[in-house]
Amino acid sequence: MRRPFINLCGDYRFLRAGYWALVDAEINGIEPSPTPVQAATAQNAAACLLVARHAGIPTVEWKVALAASDVPVPGLLVPVAGLTDAHYEVQSARSRAAQWRSATQNGTRAALAVAMPGELRSMRMVVGCTAHDNYQLAWDVWRTFAIPLATIWFVEAGDPDGPEGSKPLFLGLDPLPLHELTERDLRILEEVSQRPLDLHHGGL
């Protein structure tokens, strides 16, 4: 049985130090969380959404923006390279063409057009736990991607004060470096470290 290793670097982007630590662990017979494949998948906007949807996580509706007219208003433009690079909030048809050119570098890079049925939100996730109300989404992301530290982006669809409440629609992940954890995050990490963790994830 391979020894487990949870990488708490918080930044697992391709070819960064945190990513190479995962590769080094695998080479030396250690089971890392996340694996290099999971880390790379989480930072590719399209792959991340496809894997999340396959795992049963409710996601935003999206398609590849081949032209500015593919972007709904209001909507988001997300470069396929991931949310960390940039995302563009499209608020009007007048600004849509310019934002599409920026997001796709004049049509030379892929970007996703994302529908916005609610407000764009984010929450901090520490090994599947969060201080946010949407704790189930945090747990599902951990179970699917094995990313221990991340900022989770989602769209809060529906009326939180209505009879049916609101529903978080997963959008993607951003790095959450260890040195940026707040006191609350560190308390969560301390609590989590004192109990057994399920490292058998149902995702990749």
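Q: What does contact mean here, and which residues does Ile 152 touch?
A: Contact means heavy atoms within 4.5 Å. Not counting residues up to four places away in sequence, Ile 152 touches Arg 121, Ser 122, Met 123, Met 125, Leu 137, Ala 138, Val 141, Phe 170, Gly 172 and Leu 173. This is a predicted model, in which local features need pLDDT of at least 70 and side-chain atom pairs count only at pLDDT 80 or more, while totals for chains, interfaces and linings use all residues. Residues are numbered from 1 along each chain as its sequence is written, and side-chain values use heavy atoms, with hydrogens and water left out.

Q: Which members of the largest nonpolar core touch the most other members?
A: A nonpolar core is a set of buried Ala, Val, Leu, Ile, Met, Phe, Trp, Tyr and Cys residues joined through side-chain atoms within 4.5 Å. Buried means under 20% relative accessible area, exposed over 50%, and partly exposed in between, with a 1.4 Å probe and protein chains only. The largest core has 48 residues, of which Leu 137, Val 141, Phe 145, Ile 152, Phe 170, Leu 171 and Leu 173 touch the most other members. Strand E8 (residues 149-158) gives the most to this core, with 7 residues. Another core lies apart from it, with 9 residues, including Ala 65, Ala 68, Ala 103 and Ala 111.

Q: Why do the ends of helix H4 lie 17 Å apart?
A: The expected span of a helix is 1.5 Å times one less than its number of residues. Helix H4 (residues 93-104) has 12 residues and should therefore span 16 Å; the 17 Å between its end C-alpha atoms agrees with this.

Q: Where on H4 are the buried residues, and what do they pack against?
A: An α-helix has 3.6 residues a turn, so residues three or four places apart point the same way. The buried residues of H4 are Arg 96, Gln 99, Trp 100, Ala 103 and Thr 104. They cover an arc of only 110° around the axis, which puts them on the same side of H4; the arc is that of the directions from the helix axis to the C-beta atoms. These residues pack against strands E4 (75-79), E5 (88-90) and E6 (111-115). Just after H4, Gln 105 takes a positive phi of about 50°.

Q: How many disulfides does a search of the whole structure find?
A: A disulfide is a covalent bond between the sulfur atoms of two cysteines; the criterion is a pair of cysteine sulfur atoms within 2.5 Å. The search of the whole structure finds 0 disulfides. For Cys 48, the nearest cysteine sulfur is that of Cys 9, 18 Å away. Cys 48 counts as buried, at 1% relative accessibility. The sulfur of Cys 129 is 19 Å from the closest cysteine sulfur, in Cys 48, which is too far for a bond.

Methods. Helices (H or I, at least four residues) and strands (E, at least two) are DSSP runs, numbered from the N terminus.
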